[in-house]
Amino acid sequence: MELVFLLEQILNGLLVGGYYLLLALGLSLIFSLGGIVNLSHGAFYAIGAYLAVELTKHLGFAGALVLSPLLVGLLGVLFERFLLRRFYSADPILGLLLTFGLAMVVEQVIRMVWGASPLPASIPPAFKGQVVIGDFLYSRYRLLMLGVVIAALVGIWLLLNKTAFGRVVRAGVQKPDMVAVLGIRLQPYMTAIVVLGVGLAALAGVLFAPISGVHPAMGAEIMTAAFVVVVIGGLGSFWGVVIAALLVGVVRGVTIHFYPPAGEASMYLLMLLVLMFRPRGLLGERIERFE
């Protein structure tokens, strides 16, 4: 029974890692290509969750799962066009201040529209219950979440590594000057990356709303963990962020199993240990800033 319980904690850790991954991957992509640390990333996560609550009432969970990230992605177009675009070549501190201020504004708008109290978000009826394998029990909904995270990860990897779009993005991260010499404008690609990044954040909001709850400060609460994952994985590295997210989730889950009070602190200790030996993160690359 002890082994079964430990296995459950490891699976929960992988699930939490997937949660962090959806947020950290978009955060890393936006920074890698645009050179801006998007402190408002958690706000799009919160908007995705709130939209999911409203859309579920009319379209069901499946409709919310598809439509909420798409709507947030459209917000991402406006975000990049009217805000981020002005700060690509500016002092990085200005981008930090802009996105930090936007995060606070979005949180207050959420309070005005939906109120300060948490909103109920329930597990879809079709995925309630447990999967039973011998002595092992696991939630159907959590398995669905793992499946969606894996599908999203595979889709992004294929996009970045098997398409012309992905080749330009990877070249823009490493050598933006060379891309410009070839006559390729990175601006449309940056817009697409912002849409993809905030859409992933919204997807995380939809999936984890029934688990983590829906409340105005949810975006601010998750941002610290997302940054920890990006720092551990290394900026500019797709697989670095993936490995870091899963590692943080599993370490946190196992730590909670053996010593619950240290669960939250374990990710920060892991970050400290990684940075002591790998200041760029696990698979961090030297990147040039987007101009």
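Which residues lie nearest the centre of the largest pocket? Let's go and find them.

**Before you start**

This is a predicted model, in which local features need pLDDT of at least 70, side-chain atom pairs count only at pLDDT 80 or more, and totals for chains, interfaces and linings use all residues. Residues are numbered from 1 along each chain as its sequence is written, and side-chain values use heavy atoms, with hydrogens and water left out.

**Stop 1: the largest pocket**

Select Val16, Tyr19, Tyr20, Ser212 and Arg252: of the 24 lining residues, these lie nearest the centre of the largest pocket. The volume of this pocket is about 430 Å³. On a 1 Å grid over the protein atoms alone, a pocket is an open set of points with protein on both sides within 12 Å along at least five of seven lines, while a cavity is a set where a 1.4 Å probe fits but cannot get out; lining residues have an atom within 4 Å of a point. Grid points are joined across faces, edges and corners, and a volume is the space filled by probe spheres set on the points.

Now colour the helices around the pocket. At least two lining residues come from each of α1 (2-34), α7 (187-212), α8 (218-233), α9 and α10. Helix α1 gives the most, with seven residues. Helices (H or I, at least four residues) and strands (E, at least two) are DSSP runs, numbered from the N terminus.

Colour the lining by residue type and you will find twelve nonpolar, eight polar and four charged residues. Here Ala, Val, Leu, Ile, Met, Phe, Trp, Tyr, Cys and Pro count as nonpolar, Asp, Glu, Lys and Arg as charged, and the others, Gly among them, as polar.

**Stop 2**

A salt bridge is a side-chain nitrogen of Lys or Arg within 4 Å of a carboxyl oxygen of Asp or Glu. By this rule there are four salt bridges.

Glu264 is partly exposed, at 41% relative accessibility. Buried means under 20% relative accessible area, exposed over 50%, and partly exposed in between (1.4 Å probe, protein chains only).

Next, select Glu107 and Arg111. Their closest N and O atoms are 3.0 Å apart, in another salt bridge. Both residues lie in helix α3 (residues 92-114), four residues apart, about one turn of the helix. Is each partner buried or exposed, or in between? Arg111 is partly exposed at 29%, whereas Glu107 counts as buried at 19%.

Then move to Glu80 and Arg85, a salt bridge with its closest N and O atoms 2.9 Å apart. Glu80 is buried, with a relative accessible area of 0%, while Arg85 is partly exposed at 29%.

**Stop 2**

Pick out Leu70, which lies in helix α2 (residues 41-82). Leu70 is exposed, with a relative accessible area of 53%.

**Stop 3: the cavity**

Turn the surface off again. Select its lining: Leu21, Leu22, Leu25, Val149, Ala152, Leu153, Ile156 and Leu200. Helices α1 and α4 (140-161) are the elements that give two or more residues, and the largest share, four residues, comes from α4. By type, the lining has eight nonpolar residues, no polar and no charged.

**Stop 4: two last selections**

In helix α1, select Gly26, which is buried at 0% relative accessible area.

Finish at Pro125, in the loop between α3 and β1 (130-133). Pro125 is exposed, at 69% relative accessibility. Draw a distance from its C-alpha atom to that of Thr163, 38 residues away along the chain, and the separation is 38 Å.
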